[in-house]
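Dear colleague,

Please find below the sequence and the structure that I am handing over to you. My findings follow directly after them.

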Amino acid sequence: MRGFEAFGRLLERDPALHGRIVLLALLDPSRQEIPEYVDYRRRTEEAANAVNDRFGTTRWTPVRLDVRDDFHASVAAYAEYDVLLINPVMDGLNLVAKEGPLVNRRDGVLCLSPEAGAWEELGARALHRLRVAGARPVRRAARAVGPPANTGAAGGQGRLTWAGAAGSGHGCAA
């Protein structure tokens, strides 16, 4: 949910990105028999909808949320992101942090939290070091995942795909 909040702050801070950037969130619906997981999924969907309700238009939906276990869709998302945000609350998302950059075809950048399990191995290669607890880190994440220099976004060229990751499995999720 912090990823959705950070994305909303990015859109608030930089209105020029409206209509030109999309957060693709692929969520793996695991453990839906456990009430806490069901509640977390509900709150995640609400957070995505809040960003869409606030910033979306009839021609642009800022957050595309897809809740399903689809390995092929996940790999396709890895190939196309411009920014991959990995910010788990605690150790996790090791495969996403490693596989995403390997598959990416767009010179996408990795924003990796030290709380990610892959931090020790990949941290030096990540674009930014993020902390994930509290409100200040959400603002820092929003600043960190602004348009990377190689996208040409400042010049009004192209469309950015902003993928975040949280949860379990092989998906790009926020």
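Please note that the model is a predicted one. Within helix 3, which spans residues 71–80, the buried residues are Ser 74, Ala 77, Tyr 78 and Ala 79. The N-terminal end of helix 3 is capped by Asp 70, which places a side-chain oxygen 3.2 Å from the backbone nitrogen of His 72.

**Helices 1 and 2**

Two packed helices are described by the angle between their axes and the distance between the axes. For helix 1 (residues 2–13) and helix 2 (residues 35–55), the axes come within 9 Å and cross at roughly 10°. Because angles under 35 degrees count as roughly parallel, helix 1 is roughly parallel to helix 2. Helix 1 contributes Phe 4, Phe 7, Gly 8, Leu 11 and Glu 12 to the contact, while helix 2 contributes Thr 44, Ala 47, Ala 48, Val 51, Arg 54 and Phe 55. Sorted by class, this contact of helix 1 with helix 2 holds seven nonpolar, two polar and two charged residues.

**Confidence**

The average pLDDT of the protein chain is 74, and 67% of the residues score at least 70. Confidence is highest in helix 2, at a mean of 93, and lowest in strand 5 (residues 128–129), at 45. The pLDDT is below 50 over residues 148–162, a stretch that has 45 contacts in the model beyond near neighbours in sequence. It is also below 50 over residues 164–174, where the corresponding number of contacts is 48.

With kind regards

Terms used:
Residues are numbered from 1 along each chain as its sequence is written. This is a predicted model: local features need pLDDT of at least 70, side-chain atom pairs count only at pLDDT 80 or more; totals for chains, interfaces and linings use all residues. Side-chain values use heavy atoms; hydrogens and water are left out. Axes are lines fitted to C-alpha atoms, for helices over the stretch in contact, and angles run from 0 to 180 degrees between N-to-C directions. Helices (H or I, at least four residues) and strands (E, at least two) are DSSP runs, numbered from the N terminus. Angles under 35 degrees count as roughly parallel, over 145 as roughly antiparallel, 65 to 115 as roughly perpendicular and the rest as oblique. Contact means heavy atoms within 4.5 Å. Ala, Val, Leu, Ile, Met, Phe, Trp, Tyr, Cys and Pro count as nonpolar, Asp, Glu, Lys and Arg as charged, and the others, Gly among them, as polar. pLDDT is the predictor's confidence in each residue, from 0 to 100. Buried means under 20% relative accessible area, exposed over 50%, partly exposed in between (1.4 Å probe, protein chains only). A polar contact is a pair of N or O atoms within 3.5 Å; within protein, one must be able to donate a hydrogen and the other to accept it, and residues adjacent in sequence count only if both atoms are side-chain atoms.
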